[in-house]
Amino acid sequence: MEHLVIDFEHLGMGDVGRVGGKNASLGEMINNLAASGVNVPGGFATTAHAFQTFLDESGLTNRINDTLAGLDVDDVNTLARTGAGIRQWIIDAPFSAEFQQAVTHAYQAMVAQSGGPISVAVRSSATAEDLPDASFAGQQETYLNVQGLDNVIVAIKKVFASLYNDRAIAYRVHQGFDHAEVALSAGVQRMVRSDIAASGVMFTLDTESGFDEVVFITGSYGLGETVVQGAVNPDEFYVHKRNLSEGRPAILRRNRGSKLIKMIYSDTGEEPVATVNTAPEERSRMVVSDAEVEELARQAVTIEKHYGRPMDIEWAKDGNDGGLYIVQARPETVKSRRSQTIERYVLRETGELLSSGRSVGQRIGAGPARVILDLHEMDRVQPGDVLVTDMTDPDWEPVMKRAAAIVTNRGGRTCHAAIIARELGIPAVVGCGDATQVIRDGDAVTVSCAEGDTGHIYAGKLAFELKQYETGAMPDLPVKIMMNVGNPERAFAFSTVPNSGVGLARLEFVINKMIGVHPKALLDFDRLSPELRAQIAERWSGYPDPVSFYVDKIIEGVSTLAAAFWPNRVIVRCSDFKSNEYAHLLGGQQYEPQEENPMIGFRGAARYVSESFRECFELECRALRYVRDEMGFSNVEIMIPFVRTVGEAEGVIELLRKNGLERGKNGLKVIMMCEIPSNVILAERFLEHFDGFSIGSNDLTQLTLGLDRDSGLVADAFDERDPAVKEMLRMAIAACRAKGKYVGICGQGPSDHPDLAKWLLEQGISSVSLNPDTVLETWFFMADQSLGGAQ
């Protein structure tokens, strides 16, 4: 006889047709992965047979099918009335005595095993759910902190009814699923006490780029519904799989979320859960330790290896026993469908910035803003509108597909709005905080998710461009094409562009965007004014101390780049801020000199070896040594900018050595920026101290021609193709070739002028490092030119 209820421990992936993908997966992990350290709370599932029997015995099967036949699901008002009617039919129909007895027996066995009263979660598991090409996640209801047999039976009834939620009906129609072919199983699972700890979601790839060498983890305080729904901006972590397997430090990046609220067990008795504000001290720290982040990632990788595909996993930490548990796992269904076509959206003009948040989708969308503050207004959203709201849940899905873009006040990159935006292929900016206040209904806006992890909403309908490239078979070139990458947030996406590594990774971007504080201010933190200390403390909260914050953020930025492009070389240029740029950092004005011409002032190697800045440079060295030696990213090479004299070259090489960065040790190469005429004139002597040159064509052009490219009076004369500049380039390339050393170019010139790139190729340059958006065009141009020259 077909079972009505089955314990998880008797289930596996062969039972998807009986209990749905979610419950089958829980049984699969309990049976196969417990010995590998994957902890899944136990429970039981009602079967699809039980659901179908219930509908048949209640006379609802044909009644429901007839009602849904021909329903126009794009008419949201009719859809809402129809769905509500069906759900009420199910609620009003009684369960059979046989089914209630089966549930009673299974629940009492759970209570006996626990040795006392228990709290359970009752979740849906559709029989067509979590198939590799479908994502029914979140469409049916979940009930948390359910206590007592009577309440469990009521929750199961509500879960059954939720198969006919408006969004679930609409999704089945749009995906071509026959309503009659989809049944529901209810999973009853022991609750993890994350209400007094933390929970979240993790993916075994980067959800934005599809980069599959990392585990992306989000987490917040309390029950996980706030993260899934997008009601909270969670903490985020990226963990590198290779380092994890080798036992090396594996956390590449941390981002502290605001975590303003949490869902906990209610003590009023009226509702099983309640949402409360988090305490300020909770918001200022990460929800889990580094060790716990890596343990979660290990469980995620174990699950991924077992299933043989990227996975979307929900986790929870128990506040009583401290354990980390997996409460759901399903296939990731969006970014794992990767193609050999690269799409790049490029904003062609700028406008007034209205709001910013977490970027989802790497696309750009524009249209009239439709600010919706209540679900009952959603029929106002018309095709091509930009939906602006506080947050979304599955009830919004029938209109989300109309939107050109989605903007929310709340949520992180694994929230409901983010997941649906990825599935629909539209950009979304989530967690803005103030979007519904600052964006006016009806105004034209542009939503840009093409500028990194931070998404921007601009006033007006701005011009943008979509470039598409096929990268299946790139033509061979006699030169290596590398990339200039400053923003670690774009590293995973840029790594999908054909490349031979990173020819220029600027530390200034990490210091300016990820830190934002002058290093001297962090070193002198205790001696600063109270006002400045308070401003800076907000930046480094979540880290052990101000100096660790500075070092760790550099580690995060550099290790993210190194992981993204591994095993290709990543040439990291040490900080090359000028004094006026350093002064713009928080606390910087009290440490920086006023210079008439900062371009040729206190910068580069002279700054590193000076008494006033050496301690700051040593922090950069500490971070770079950790990335190479402790994390194992030996593909990181160091580049020293603006070395005026051979004496400065000797001094900075010795300073690197004293800080554990000795040339040749652990394969370390130290490259010099060749950007001053003295570097070319004395190339042989400089090359005695370095492993090669990376030509900075911007500064070399300015200093060769004696002009300031930022001056409108003489900027027209700035041209890297000037004969004098090309002679400098030729001499530098020839000197490196004569010594058998690396020579590349990382200035703007080859990105702007493909003919210059071709000329450099003819001179025998080792590599050309380009801005990512010009790589493919320049690659194909150079291939055409080299083929043409060979004929």
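Colleague: Happy to look at this with you! Where does His179 lie?

Modeller: His179 sits in the loop between α7 (166-175) and β5 (184-190); helices (H or I, at least four residues) and strands (E, at least two) are DSSP runs, numbered from the N terminus. Please keep in mind that this is a predicted model, where local features need pLDDT of at least 70, side-chain atom pairs count only at pLDDT 80 or more, and totals for chains, interfaces and linings use all residues. Residues are numbered from 1 along each chain as its sequence is written, and side-chain values use heavy atoms, with hydrogens and water left out.

Colleague: Why does His179 count as buried?

Modeller: Buried means under 20% relative accessible area, exposed over 50%, and partly exposed in between (1.4 Å probe, protein chains only). His179 has 13% relative accessibility, so it counts as buried.

Colleague: Which residues does His179 touch?

Modeller: Leaving out residues up to four places away in sequence, His179 touches Leu68, Ile169, Arg172 and Val173. A contact here means heavy atoms within 4.5 Å.

Colleague: And the whole protein: what radius of gyration does it have, and why does that agree with a compact globule?

Modeller: The radius is taken over C-alpha atoms, and the globule rule is 2.2 Å times the number of residues to the power 0.38. For 791 residues a compact globule would come out near 28 Å; the protein has 29 Å, so the value agrees.

Colleague: How many of the residues count as buried?

Modeller: By that cut-off, 59% of the 791 residues of the protein are buried.

Colleague: How many helices and strands are there?

Modeller: The protein has 30 helices and 30 strands.
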